[in-house]
Every structure is written in C-alpha cells, then in structure tokens.
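I opened my notebook to record, entry by entry, what I looked up in this structure. I kept the order in which I went through it.

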Amino acid sequence: MALVSLRLVALSVAIGALTGLAALAMVYGIKAVELVLLRGAVGVVLPSSYAEGMEPYSPPERPWLLPLAMALAGLVGAVLVGVIAPAECRGTDAAIRAYHTRGGVVKLSQSLLSLAATGFNLGAGGPAGREGAITFAGAGIGSAVARLFSLSPEEKRVALVAGLGAGMAAIFRASIGGALFALEVLYMRDIEASALIPTLVASSVSYVVFASAVGWKRELYLPGAWEHMAPASLPYYVFLGAVAGAVGVFYAVVLHLVSEALHGVRAPPLVKPTLAMAAVGVLGVFFPQILTPGYGWMQQVVLGVVYPWWFFFLLALLKILVVALVLGSGGVGGVFSPGLFIGGMVGAGLWELLSHVPGFGEPLYAFVVVGAASLFAAAGKTPLSVTVMAIEMTGAFTVTPAAAVAVATAYLISGRYTVYSGKKEARQ
C-alpha cells in the first residue's frame with residue numbers, strides 16, 4: 001500500500017481510543033480480582049512498580065489458600081477461553097498469525113474473552129504478562145472496525161497492526177515503543193513500514209486514553225538514573241547482551257517444548273489450566289517473586305533489595321518454567337513482561353558477580369534495564385522496539401548506548417529462535 005488513506009488514519013483514532021478503554025477495563029479487572037483473592041482471601045500484598053505506587057511486599061497470612069485462589073482463577077479463565085470461545089491460540093502470536101494467514105481477521109468475541117480471562121489469572125498472581133491479552137484485544141478491535149467500515153483486505157491488516165500497537169502502547173505507557181513493536185513483531189528480520197502512520201496514531205491515542213485515567217508515571221523508578229556511560233563500560237554490556245541472548249534462546253525453546261509436551265497430554269479442557277495455576281501457587285508460597293508479571297519485584301531490586309547472584313539466576317529459571325507451564329497448559333497471558341523480568345534478573349545476577357571485579361562500577365539499575373531489553377530482543381526478535389520501550393518505561397535515557405550494544409549482541413547470537421511462532425522471515 002503506497003499511501004495511507006485519510007479514512008484509515010481517522011479510524012485509527014477510534015481503534016486507539018477503544019483499545020485504551022479495553023486496557024483500562026483489564027487493569028481494573030486485575031485490581032478487583034487481586035483485592036478479593038490475594039489481599040482478601042490469601043492476605044498477601046505483592047510488590048508493585050512505580051506506576052502502581054511502589055507498594056512493598058507483605059507475606060501471606062494464609063499461604064495455604066494461595067494455590068486454591070490461583071486454581072480458581074485458572075478454572076474461570078479456562079471456562080472463558082477454553083469452553084465459551086475456544087481458539088487455536090491467543091495473545092500476540094494469534095494476532096501475528098491472523099495478519100499473515102487470515103487476512104487480518106480476529107474474532108472480537110475471542111479477544112475480549114481472552115482479556116477477561118487474563119484479568120482473573122493475573123489478578124490471582126499469574127506469572128504471565130498483560131500484553132498478550134491487550135494486543136489480541138487491540139487486534140480484535142482493529143479487525144472489527146475494519147470489517148464494520150468495509151475496508152480493503154490490505155487496510156484490514158493495517159487496522160489489525162494499529163490495534164496491536166495501541167494495546168502495547170497503553171499497557172506499558174510507551175506510545176512510540178508500542179507502535180514500533182507492532183510493526184517489528186510481524187517479521188524475523190523486517191518491519192511493516194506501510195502500517196507506520198495508522199499505528200502511531202492509534203498508539204498515541206490509546207496511550208493518552210489509558211494514562212489519563214491511571215496516571216502518567218513510568219513503569220519503573222530508577223534511583224540515580226542520570227549517570228552517563230563511560231566508553232570503558234561498554235564491554236560489560238556486550239557481555240551482558242551475550243548472556244541475556246543465550247537465556248532468551250533458552251526461554252523460547254522451553255516455551256515451545258513445554259507447549260508441545262502438554263499438548264500431547266489428554267485431559268478435559270478445564271483440567272490442565274486449573275492444575276497449572278495451582279502448581280504455580282504452591283511454588284509461589286516459597287518463591288513469591290515468580291508471581292505476577294514481575295515489575296514490582298524488579299522495582300524492589302533497583303531500589304536495593306539485592307539477593308545472592310545464584311538466587312537471581314534461580315528466579316529467572318523458575319519464571320521461565322512457570323510461564324511455560326501456564327501458557328503450555330492452555331492458560332492465558334503474554335510472554336513479553338515475564339521476558340523482561342527474566343532478563344532483569346539475569347542482569348542483576350551478573351551485576352552481583354561483576355561487583356567483585358576490581359574497577360567495576362556500573363549501577364545496578366543499568367544492568368537490570370539493559371538485561372531486560374537484551375533478553376527480549378533475542379527472544380522476540382524485536383531489537384528496535386524493545387530498546388525504545390525500555391527507555392520509555394524507565395526514563396533512563398543515559399543507558400541508551402549500553403542498551404544498544406547489548407541488544408545488538410543478544411539479537412545477533414540468538415539466531416532464528418523466537419517466542420512468536422507465527423512470525424515470518426521478511427515481507428514478500
């Protein structure tokens with residue numbers, strides 16, 4: 001499509017506004033479920049990020065109820081997306097597949113029920129991310145608007161991309177990074193430039209609608225984040241990028257292997273997601289850091305809650321396993337947010353190890369942020385957008401050079417491995 005029509009740009013405003021409202025509905029739904037199940041029944045307060053108020057962790061008063069609460073949420077989610085509106089796959093990967101193979105058509109009913117199911121799962125402490133549901137919902141909204149106004153086949157696909165980007169922009173308060181993610185996530189080594197203008201418009205509108213209601217704070221607060229990088233520091237970040245890239249490959253491989261293994265297990269559609277969430281609840285009693293997408297725990301780390309180096313790596317491994325278990329069993333959620341947590345923990349663990357090296361003086365927050373961006377640049381094959389989003393989500397503009405070299409390193413060593421199986425190599 002050589003030129004973008006004014007009609008499509010105007011409709012992108014509506015797509016962005018509706019997706020921003022959908023993101024608000026999901027966030028408030030998560031908070032409502034959390035209030036009832038976690039704070040009310042279990043008596044636990046999980047830490048929150050800067051955008052959510054930086055509330056500290058408070059251990060559960062009734063830890064034995066955590067697996068039951070999570071199993072209940074898993075059951076409700078399974079009813080919504082496994083029985084009422086079953087789909088072959090959900091989340092960002094489903095939107096990618098619809099773009100490439102289904103003419104940009106996503107069923108709105110499936111995407112909105114996935115949004116509701118994610119509200120239950122994450123409100124109960126589920127380990128996956130919010131972005132899977134909201135990008136799928138945004139894609140569904142874009143697809144529905146395109147069909148309502150009888151857009152051309154190419155415009156329908158662009159409308160889907162605009163909705164996908166609007167979802168990312170809202171939920172992460174990253175208007176530019178969210179738009180770039182939608183353009184970049186479709187391909188392994190390419191970008192969908194024809195959708196740039198509608199996606200930027202939809203993402204900006206969605207971001208403003210969402211942030212006007214919940215606040216304009218960035219996701220993480222980084223103390224001392226205005227220190228500038230010295231040239232001698234960059235080799236440390238090349239090393240960080242190499243390690244994070246390797247772990248990103250491991251993350252992608254485990255997700256696919258566990259999904260295939262669980263797909264072969266015959267069981268009623270409600271059983272596997274329920275048992276998976278219950279298992280995560282049991283593990284969460286002993287390792288609460290694996291609960292929720294993880295931004296609150298990352299916030300605690302950059303504020304100074306430091307563990308031994310091996311514990312950071314253990315948390316990264318456990319997070320990979322529980323996300324693979326929940327999603328592989330048919331549960332809902334995204335892989336982007338947990339990927340950032342995994343990368344942040346890898347960065348913190350490496351920082352703890354390197355802090356014993358003479359002359360090493362890099363700030364912890366830099367290794368956490370750069371580790372997060374590097375890992376998902378490798379796992380998602382989205383190096384440009386994830387770099388921009390990391391800066392937008394933290395305000396740490398001074399780590400841009402470090403993030404760039406680490407992301408490039410991680411991306412280059414990761415080969416063709418990706419968490420998104422629906423991606424294509426490049427545009428035809």
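**Entry 1: the second largest pocket**

I began with the second largest pocket, in which about 450 Å³ of space lies. I wrote down how such spaces are found: on a 1 Å grid over the protein atoms alone, a cavity is a set of points where a 1.4 Å probe fits but cannot get out, while a pocket is an open set with protein on both sides within 12 Å along at least five of seven lines, and lining residues have an atom within 4 Å of a point. For the volume, grid points are joined across faces, edges and corners, and the space filled by probe spheres set on the points is taken.

Before going further I noted that this is a predicted model, in which local features need pLDDT of at least 70 and side-chain atom pairs count only at pLDDT 80 or more, whereas totals for chains, interfaces and linings use all residues. Residues are numbered from 1 along each chain as its sequence is written, and side-chain values use heavy atoms, with hydrogens and water left out.

I then looked at the lining of the second largest pocket, which has 22 residues, with I30, E34, P47, S48 and E52 nearest the centre. Helix α1 gives the largest share, seven residues, and α1, α4 (108-123) and α11 (295-302) each supply at least two. Helices here are DSSP runs (H or I, at least four residues; strands are E, at least two), numbered from the N terminus. By type, the lining divides into nine nonpolar, six polar and seven charged residues; Ala, Val, Leu, Ile, Met, Phe, Trp, Tyr, Cys and Pro count as nonpolar, Asp, Glu, Lys and Arg as charged, and the others, Gly among them, as polar.

**Entry 2: the loop between α1 and α2**

Next I turned to S49, whose place is in the loop between α1 (6-42) and α2 (66-84). Is S49 buried or exposed? S49 counts as buried because its relative accessible area is 2%, where buried means under 20%, exposed over 50% and partly exposed in between (1.4 Å probe, protein chains only). Its side chain is joined to that of E219 by a polar contact of 2.9 Å, a term for a pair of N or O atoms within 3.5 Å; within protein, one must be able to donate a hydrogen and the other to accept it, and residues adjacent in sequence count only if both atoms are side-chain atoms. Not counting residues up to four places away in sequence, S49 touches M54, E219, L220, Y295, G296 and Q299, with contact meaning heavy atoms within 4.5 Å.

M54 lies in the loop between α1 and α2, and I noted its positive phi of about 55° although it is not a glycine. M54 counts as partly exposed because its relative accessibility is 28%.

**Entry 3: cavities**

I found that the structure holds three cavities of 30 Å³ or more, and that the largest cavity has a volume of about 110 Å³. Which residues lie nearest the centre of the largest cavity? They are L340, A372, A390, M393 and T394, out of 14 lining residues. Helix α15 (383-394) is among the helices that supply at least two lining residues, and the largest share, five residues, comes from α15. The lining divides into 13 nonpolar residues, one polar and no charged.

Helix α7 (residues 175-184) is mostly covered, with nine of its 10 residues buried, F181 being one of them. The buried residues of α7 pack against α3 (92-101), α6 (153-172), α8 (196-214), α13, α14 and α15.

With neighbours within four places left aside, the contacts of T92 include F181 and Y420.
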